[in-house]
Amino acid sequence: MNPNIPEVIQTVPLQYYVFFAAALFSIGVLGVLTRRNAIIIFMCVELMLNAVNVLLTAFSAYRADPNGQIFVFFIMAVAAAEVAVGLAIIVMIYRNLQNTDVNLLNRLKF
């Protein structure tokens with residue numbers, strides 16, 4: 001056991017974090033590819049970002065290197081900005097179309 005890794009992190013093997021993050025990311029990709037509601041697609045993209053954050057945090061903790069956790073902080077800041085802009089776009093689409101179905105968005109081409 002590495003003495004630089006906290007005791008709490010050592011109790012869960014790194015493979016479990018990788019499998020958990022892969023499952024979260026797969027659920028997110030499946031949701032983006034199969035759903036038609038813009039809000040659900042938006043939530044699935046956030047789920048994929050959180051899966052990446054879990055992996056970065058786990059690898060950072062196992063290596064006892066804070067660089068991954070700093071990178072997670074910046075990803076969360078970008079995700080917060082994405083939420084603000086994305087929800088504003090979804091609200092505007094809902095006001096115009098009274099629906100959040102992405103199949104109806106082909107009207108916005110012209």
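Begin by selecting Phe 19, which is found in helix H2, helices here being DSSP runs of H or I with at least four residues, numbered from the N terminus. Phe 19 counts as exposed because its relative accessibility is 57%, where exposed means over 50% relative accessible area and buried means under 20%, with a 1.4 Å probe and protein chains only. The model is predicted, so local features need pLDDT of at least 70 and side-chain atom pairs count only at pLDDT 80 or more, while totals for chains, interfaces and linings use all residues. Residues are numbered from 1 along each chain as its sequence is written, and side-chain values use heavy atoms, with hydrogens and water left out.

Move on to Asn 53, which lies in helix H3 and counts as buried because its relative accessibility is 8%. Beyond its neighbours within four places in sequence, Asn 53 is in contact (heavy atoms within 4.5 Å) with Val 72, Ile 75 and Met 76.

Finally, select helix H4, residues 67-97, whose 31 residues reach 44 Å from the first C-alpha to the last. Among the buried residues of H4 are Val 72, Ile 75 and Ala 79, and helix H3 (38-63) is included in what covers the buried residues. After H4 comes Gln 98, with a positive phi near 60°.

Technical notes. Helices (H or I, at least four residues) and strands (E, at least two) are DSSP runs, numbered from the N terminus. The expected span of a helix is 1.5 Å times one less than its number of residues.
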